[in-house]
Every structure is written in C-alpha cells, then in structure tokens.
Amino acid sequence: MKNLRITVNGTAYDVQVEELGETAAPSAAPVAAPAPVKTPVTPAATPASPAGETVSAPMPGTILSIAATPGKAVKSGEVLLVLEAMKMENEIKAPHDATVAAVLVQKGESVDTGAALVTLS
C-alpha cells in the first residue's frame, strides 16, 4: 500500500493505493475504500514583496491597465489598476492615502483571487 495525497479543486485528500502485480489474484469481494480525509491546503507562497501594505486581487482575472507606478503618491480611492473579470472591468483602488512601493503585476497578466497586485507604504 502507498499513501498518497491528492489535491482536487484546492482540497487535499489522503488516500491509500494498492499496487497490483501480475501475480495478484482478484479478491472474492470488493473492499470498501475508507472515506477521504480532508487535509487543509496551504496556499502557494507568494513572491516576496517590499515591506508595506499589499493590495490583493479580490477575484481572478486579467490585468487590463496599470495606473500606479513605484514612488507615486496616491489618494484614498484613486485607481491603481483595472482588473477584467467575467467581461467586467473592475477598478482596484487605493484603500487610503499612501505611496506606491511596488507594482507586482504586468499588463495582460492573469491573476488568482488573493494575488498580490501592488504594495503601498
């Protein structure tokens, strides 16, 4: 028996798999498999970003345009970039007055929910 961890749609399952060789005879009765054990999956590590507050993607999508540049002072509510999701353009805005420390994405890049987009200081 081999113990394996399989991830399906972000949920990890611990399973046992039996290898059958050429000499293995079929069993008389099928054996019920144990119920899968859900194991929490930790998200993949995001690339290191400069110190400061990170503005993250609220949903998966594609970066259409970027208005923010490193060193630029932004006001609360000012558009940092535009994210297209499900054919809708969503403006990602500054949560408060700050300075853009780094832009972590590029125009045309696809991002997942929670992906770091911009770092503010």
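## Terms and model

Buried residues have under 20% relative accessible area and exposed ones over 50%, with partly exposed in between (1.4 Å probe, protein chains only). By that scale Lys72, at 29% relative accessibility, counts as partly exposed.

This is a predicted model, where local features need pLDDT of at least 70 and side-chain atom pairs count only at pLDDT 80 or more, while totals for chains, interfaces and linings use all residues. Residues are numbered from 1 along each chain as its sequence is written, and side-chain values use heavy atoms, leaving out hydrogens and water.

## Salt bridges

Let's look at the charged pairs. The structure has three salt bridges, each a side-chain nitrogen of Lys or Arg within 4 Å of a carboxyl oxygen of Asp or Glu.

Arg5 pairs with Asp14 at 2.8 Å, N to O; Arg5 is exposed at 54%, whereas Asp14 is partly exposed at 31%. Lys72 joins Glu78, with their closest N and O atoms 3.3 Å apart, and Glu78 is partly exposed at 24%. Glu91 and Lys93 meet at 3.7 Å, N to O; Glu91 is partly exposed at 49%, and Lys93 is partly exposed at 42%.

## Nonpolar patch

Leu4, Ile6, Val8 and Val17 make a nonpolar surface patch of about 290 Å². Patch residues have over 30% relative accessible area and no salt bridge; like charges are joined within 9 Å, and nonpolar side chains (Val, Leu, Ile, Met, Phe, Trp, Tyr) within 5 Å.

Strand E1 (residues 2–8) gives the largest share of the patch, three residues. Val17 lies in strand E2 (residues 11–17) and is partly exposed at 35% relative accessibility. Strands here are DSSP runs (E, at least two residues), numbered from the N terminus.

How values were computed: Areas by Shrake-Rupley, 256 points an atom, 1.4 Å probe, with all protein chains shown as cover. Helix = DSSP H or I, 4+ residues; strand = E, 2+ residues; numbered from the N terminus.
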